[in-house]
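This is a walk through a predicted model.

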Amino acid sequence: MDELLFHNIDEPALSTIDVYEARGGYGQLRRVLADLSPDQVLEELQASSVRGRGGAGFPMGTKASFLPKGDMDKYLCCNADESEPGTFKDRELMQKNPHQLIEGMIIASYAAGINKAFIYIRGEYEQQADILDAAVAEAYNKGYLGENILGSGFSVSLVVHRGAGAYICGEETALLDSLEGKRGNPRLKPPFPANAGLFQGPTLINNVETLSNVSHIMKMGGAEYAKIGTEKSTGTKLVSVSGCVQKPGNYEIELGMSSREIIEGLAGGPPEGRTIKAWFPGGSSSPVLTPAELDLPYDFDSMAGAGSMLGSGAIMVIDDSVSIVDVALRTAKFYKHESCGKCTPCREGTSWTVKMLQRVEDGLATPMDLDIIESVCDQIMGNCLCVLGDAMAMPVSSMVKKFRPEFETHIEAARAARTPLDEATLADELDLKELAAH
Amino acid sequence: MTTQPAKRFEDAIPQLADVDVPAELQTWIEQRMAMYPDKKSAIIPCLMAAQKLHGWLSPEAVDQVAAVMKLTPARLVSVASFYDMFELKPSGDRTIYMCTNISCMLRGADAVMAELEKEVGVKNGGVSDDGIFLRSFECLGACDIAPMASVDGEFVGPLTVEDAKQLVADIRAGGEVLPSKQLSKRPVSATLWQNGGKVGDYDISEHVGGK
């Protein structure tokens, strides 16, 4: 498989426009503006069948075609918020090859009639944002951004906007609110951003990796791109593999590659003497899979068919030295922290799930608590404005379901290990003093 | 904040005549506001600029941004309070964000965090007497070097308990922090692992094989 996104990725100074252009960069933009109409670009994107690489997997070309035609302000937001635990692919793309992203954004803007583009990058990626700032300035200097680009009559501005630390701002509508200068609360859909998005105008939101593919799709043609991967999961995918593996890192694979080949082949498998207990196929929001599913092809539909999801393409591996209870608690704590608080099932459900899992961890639970956890997770799913609550409920309930014996053993062992509490400690633990004060 | 409750909305906005705003900050904010169709989009970047200048998002810092942007301090604080990177309490000159999310936890982050607490001399979320702010953080997008930390935006890892000691010592010495563990110096994984984990100054080789 020929690398597309990671081709030449370690070339020194690839992040500078001179090196990028020497490698053929911005050639596609020139050709597109000179020879193709916006609709022809949209056709290629649709022919490629490329699906969103941020987690939702929605066909990009189709989404771009949803924007209404006509003379009005239209927006492109590149979602560079990359906060899904286990995901670190966009970081590498922006750090090493920012112009690949910028060129893709300009072409996509041309296709959808967009005149104002933004990159919403998470605030924690300070160095990557600095690199992007420099690259955007270079692109403006060369006339690839701004008014009347290359004399084509097409104009688009690009602003790099930094976030300030909030996982929920990776959710597309919360991202829009945050970009408008507000707290990052998601919006009700419909209306969808394509019709009413940023500043209530037509907005296209795409992930960094999705947009980075655009110049490659234009170069080879959508139909050729669609030959890579599988029929419904076309193209290459950057997979971030981490956790209990010998060679954690980003790997560019052809979609449909065997999951085992990725985890045990590319990433070297678990450390010597250990075996895989469970793995998240698509970031911490995905239901965990077991060794039984390792031979499944890594693509959108196979992962969905196994009851999980490809998501952001972040594989986290848990080996047999790790307590699944620890993982469940850490997962739940993350979502509880990041819940924006707008919807009751998520705000309350994540908090209560953490409390119950903490009780399981500490030896204060009974097996009934596991049933309550599953029930709470059930009542979160599908009942909120966004899927953050689901993103906790799905993995946690999958761990409780698939590893129930381990949870029950832990409950027994932890209870037995508790020494009888004296009244003062018990009062402390149950916050009785605080209750008495009220 | 303004000390008297405002009787009218306009009075709640600090006036440039009353607030001493450093010229550089004012220029920065004005230029930033001009980049967006709506000036309110600039709130987060402008608050971050003020925080960098003042060391934390103090009432004084908020008032300065409010005066230039012509927005109320209450609106600015309501936005700032949502985001993890804003320090609404006095912070340090140097900041350590130690990731304790799943992949880092799987590779020993909890032990590294405990060591950092010991070396810095504070509990999670505290500021040491010599100005080091230490807190645990959610996934920073660097699981390839787990367990890792962000020191003022520089990602370092994978960290052992010994590295934690060296990290704090490097901060106190005022120079580069763990240069052989900086992510910014690392090639992509495929290249790195082909070379046994060692490329140039970057060395991850002792971590081949898990924690």
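A residue is called buried here when its relative accessible area is under 20%, computed with a 1.4 Å probe on protein chains only. By that rule helix α8 of chain A, residues 172–179, is mostly covered, with eight of its eight residues buried. They are A:E172, A:T173, A:A174, A:L175, A:L176, A:D177, A:S178 and A:L179.

After α8(A) comes A:G181, which has a positive phi, near 95°.

The interface can now be taken as a whole. In chain A, 67 residues are in contact with 53 residues of chain B. The two chains bury about 4,600 Å² between them, and 58% of that area is on carbon and sulfur atoms. Of the area that chain A buries against chain B, 14% is supplied by A:A164, A:R183 and A:R330, more than by any other three residues.

Three salt bridges are found between chain A and chain B. B:K52 forms a salt bridge with A:E126, where the closest N and O atoms are 3.7 Å apart.

Helix α14 of chain A (residues 324–338) gives seven residues to the side that touches chain B, the largest share. By residue type, that side of chain A divides into 29 nonpolar, 21 polar and 17 charged residues.

Key
Residues numbered from 1 in each chain as written. Chains lettered and ligands numbered in written order. Predicted model: local features only at pLDDT ≥ 70, side-chain atom pairs only at ≥ 80, totals over all residues. Heavy atoms only, no water. Buried < 20%, exposed > 50% of the residue type's maximum accessible area, 1.4 Å probe, protein only. Helix = DSSP H or I, 4+ residues; strand = E, 2+ residues; numbered from the N terminus. Contact = heavy atoms within 4.5 Å. Buried area = accessible area lost by both parts, 1.4 Å probe. Salt bridge = Lys/Arg side-chain N within 4 Å of Asp/Glu carboxyl O. Nonpolar A, V, L, I, M, F, W, Y, C, P; charged D, E, K, R; others polar.
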